[in-house]
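Please prepare a short briefing on the protein shown here.

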Amino acid sequence: MDDYSLDEFRRRWQEELAQAQAPRKRRRPEATERRARRPEVGSGSGEQASGDPALAQGLLEGAGRTPAARATRAEGQDVASHSRSPLAREGAGGGEQLVDQLIRDLNEMNDVPFFDIQLPYELAINIFQYLDRKELGRCAQVSKTWKVIAEDEVLWYRLCQQEGHLLDSSISDYSCWKLIFQECRAKEHMLRTNWKNRKGAVSELEHVPDVVLCDVHSHDGVVIAGYTSGDVRVWDTRTWDYVAPFLESEDEEDEPGMQPNVSFVRINSSLAVAAYEDGFLNIWDLRTGKYPVHRFEHDARIQALALSQDDATVATASAFDVVMLSPNEEGYWQIAAEFEVPKLVQYLEIVPETRRYPVAVAAAGDLMYLLKAEDSARTLLYAHGPPVTCLDVSANQVAFGVQGLGWVYEGSKILVYSLEAGRRLLKLGNVLRDFTCVNLSDSPANLMVSGNMDGRVRIHDLRSGNIALSLSAHQLRVSAVQMDDWKIVSGGEEGLVSVWDYRTNQKLWEVYSGHPVQHISFSSHSLITANVPYQTVMRNADLDSFTTHRRHRGLIRAYEFAVDQLAFQSPLPVCRSSCDAMATHYYDLALAFPYNHV
C-alpha cells in the first residue's frame, strides 16, 4: 500500500510538470484552487509517511526537499542541460518555478487563520463584546466578514456607555455609533487640552450689592448662594444666563436687610434649601417657582445641613437633635425621622442611593452615628477616640478624618468604615497635622483624595491603604478638594485655586483671590469656585469704597472649557448684557480681572 501511495504521488507530480510546459499566466484563483485540492493528496501521504520514516524520506527526496536530493537533482540537471533542446530546458525551468511555488503555497496553508470558519452572527457578537476600541479597529482590518462584525452598532453603543458617553441615550437614537464614539472621544480630548492650557471662558457671577457672601453650593452647573442680607440667589451656568433670580421667603413684609443671615445653602436637580441664623429652614422646588414649598423651624441655630443628591430628603442638625424631612406620597413635607445625640453635630451627610428610606451619617465630637429613617435606629460607628475633623460618604462607605494625639503618640488619620457591615475597613494617613477635607464620593474607584492643614493634597489607595501621591499645593490649610481620573482641583485658605495633573505630578495653573476657597465643583467641561470670607460683618467705612467692598464680600467664578477662548481674556458679565437692559451697575473698568488681589 505504501508503494502505491508513492507511485500515485509521483504520477500526479509528473502530470503537473507536463502542464507547466505550456506557458500561461498564473492567477491567484488558480493557486487557491490548487491549495484546496493538494491537501487531499498530501494528507493521505502524510498520514502514511508519519508511520513509515523510510517512506517519508522517499517523499521528500521525490519532492526535492532534502539536501541530498537537491544536490543529486542539480548534478543531473547540469549534465542533462547540455543534451536537452532549448524547449526542454525551458520546460525544466518552468518545473523548478512550479516546485518553488508549491512550497510557498504549502507554507501559506499552515498560516491560514481561523476566521474562515463560519460562526453564527450572534455568537460572533458575543465574542467581540469583550474587545476594546483598539482591538475592534484591528479586527476590522482582517477581512470583510470581520469588518462587518467589528462595526456592529451594538458593540460601539456598549463602548460609549462603558466610557461614560451619552448615558441617557438608547441604541436607536443614532444610526452610526462608531462615528458618535469618535466624536465623543475628540470632544473629550479637546476639553482635556483646554483644561491643561487654561483655555476657555471665565465669568464672575453677579453679586448682591452691599452684602457679604455666606455660603455657596452647586450641582450640575446650577449654583446657589446665600448672603448676610438673607437673600438666596440661583444661577444656571449651563445656559450662560447669569441673571440670577432671587428665591423669595414667605415673610414678604420684612424690610430689605432685616432678614437673618444665611447659614447654609444646598441644591440638587430639583430642590434648593437654605438655613438661617434664627433656626428657620426654607425648601424651594425649582420646578414650581421662587416661593418655598415648605418651611421648618428649629428652636436653636442650625449647625449642619445636608441634602440628598438623588431624591427629596433634607437633614438638619440643631442643638442635640437631628431631623430628616421628606415629602409623602401626596407631596406634603413631613418629618421622616428624628434623632437625639449626646453632643453637638458638626458634620452631617446623607448616604446616596438608599432607595425608599433615607440614611444619614452624623459626626458629633468624638462620636459617629449612622441614622436610619426606616426604624429611627441610631447606630454608633465610632466612639471615644480623637474628634472628627472632616467627613464624606459614598453609597457603601464613609470616610472621616480624626485628630492626631501628637507626634510622640499617634498622628492624624482617615478612617474608612463600611456602612453595611458597620465596621472599620481601613486606617489611612498617620501624619502630623490634621486632615481638613476629604472627598470620597467624587473620586475614581479605589482612590480617595484629602486635604490637610499642612497644605498638602494626598491621594490614598483604598486597596493597599497607602498614600499614592502627596502634593505640596498650598501655603495654608487645604479647604476644598476634588479629583477625577487625571486631575486634581484644590482650594486653600489663602485663596488659591490650583489645578494639577497628578499622573505627571505637575501643576497646570492656579488662580488667586483674597478669601478662603470654600467650594469647588467641576465636571469635564466646567468648574465652579467660591471664595467665602470668614468675616461676614463689614465696617461702615468699607461701604463708601466700591473697590474695598469687593475685596471683602466674596467671589463666585464659573469656568467653561468647552469654548475656544482664553480663560482670562473673556469679557465681563456687564459686557455680555443686552443693550435694552434697564438695570445698571457700576464697574470700575480700570481694574482688569482679577479684582481681589490684596
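The points below go from the whole chain to single residues.

This is a predicted model, in which local features need pLDDT of at least 70 and side-chain atom pairs count only at pLDDT 80 or more, while totals for chains, interfaces and linings use all residues. Residues are numbered from 1 along each chain as its sequence is written, and side-chain values use heavy atoms, without hydrogens and water.

**Overall make-up**

- The protein has eleven helices and 31 strands; helices (H or I, at least four residues) and strands (E, at least two) are DSSP runs, numbered from the N terminus.
- The protein has 598 residues, and 44% of them count as buried. Buried means under 20% relative accessible area, exposed means over 50%, and partly exposed is in between (1.4 Å probe, protein chains only).
- Its accessible surface is about 32,100 Å², and carbon and sulfur atoms hold 50% of that; the areas come from the Shrake-Rupley method with a 1.4 Å probe, and for residues only the protein chains shown count as cover.
- Among contacts (heavy atoms within 4.5 Å) with a separation of 6 or more, 46% are between residues 24 or more positions apart.

**Helix α6**

- Ala124, Ile125 and Phe128 are buried in helix α6, which spans residues 121–128. These residues lie on the same side of α6 because they cover an arc of only 100° around the axis, the arc being that of the directions from the helix axis to the C-beta atoms.
- An α-helix has 3.6 residues a turn, so residues three or four places apart point the same way.
- The cover over the buried residues of α6 includes α7 (133–139), α8 (144–150) and α9 (153–162).

**Strand β15 and its partners**

- Five of the six residues of β15 (367–372) are buried.
- β14 (359–364) and β15 run antiparallel and are joined by six bridges; two strands pair if DSSP finds at least two bridges between them. Within this pair, Ala360 has Leu371 as its bridge partner.
- The hairpin of β14 and β15 has two residues between the strands, and Gly365 there takes a positive phi near 65°.
- β15 also runs antiparallel to β16 (377–382), with five bridges, and Leu370 stands opposite Thr379.
- Four residues separate β15 and β16 in their hairpin, where Ser376 in the turn has a positive phi of about 55°.

**Nonpolar cores**

- A nonpolar core is a set of buried Ala, Val, Leu, Ile, Met, Phe, Trp, Tyr and Cys residues joined through side-chain atoms within 4.5 Å.
- The largest nonpolar core has 19 residues, of which Val322, Met324, Val345, Leu348 and Leu371 touch the most other members. At least two residues of this core come from each of β9 (302–307), β10 (314–318), β11 (321–327), β12 (333–340), β13 (347–350), β14 and β15.
- Leaving out residues up to four places away in sequence, Leu371 touches Val322, Met324, Phe339, Pro358, Val359, Ala360, Ala362, Ala377 and Arg378.
- A second, separate core has 18 residues, including Ala124, Trp146, Ala150 and Ile180.

**Salt bridges**

- The whole structure holds 20 salt bridges, each a side-chain nitrogen of Lys or Arg within 4 Å of a carboxyl oxygen of Asp or Glu.
- Glu163 and Arg185 form a salt bridge at 3.3 Å, N to O. Glu163 lies in the loop between α9 and α10 (177–197) and Arg185 lies in α10, so the pair ties together parts that are 22 residues apart in sequence.
- Glu163 is partly exposed at 33% relative accessibility, and Arg185 is partly exposed at 29%.
- Asp220 forms a salt bridge with Arg238, the closest N and O atoms being 3.4 Å apart. Asp220 is in the loop between β2 (213–219) and β3 (222–227), and Arg238 is in the loop between β4 (232–236) and β5 (262–267).
- Asp220 is exposed, with a relative accessible area of 54%, while Arg238 is partly exposed at 48%.
- Arg463 and Asp461 meet in a salt bridge of 3.3 Å, N to O. Arg463 is exposed at 61% relative accessibility, whereas Asp461 is buried at 15%.

**Ala395**

- Ala395 sits in the loop between β17 (388–393) and β18 (397–402) and is partly exposed, with a relative accessible area of 38%.
- Not counting residues up to four places away in sequence, Ala395 touches Val351, Pro352, Glu353 and Leu419.
- Ala395 and Leu440 are 45 residues apart in sequence and 9.9 Å apart in space, C-alpha to C-alpha.
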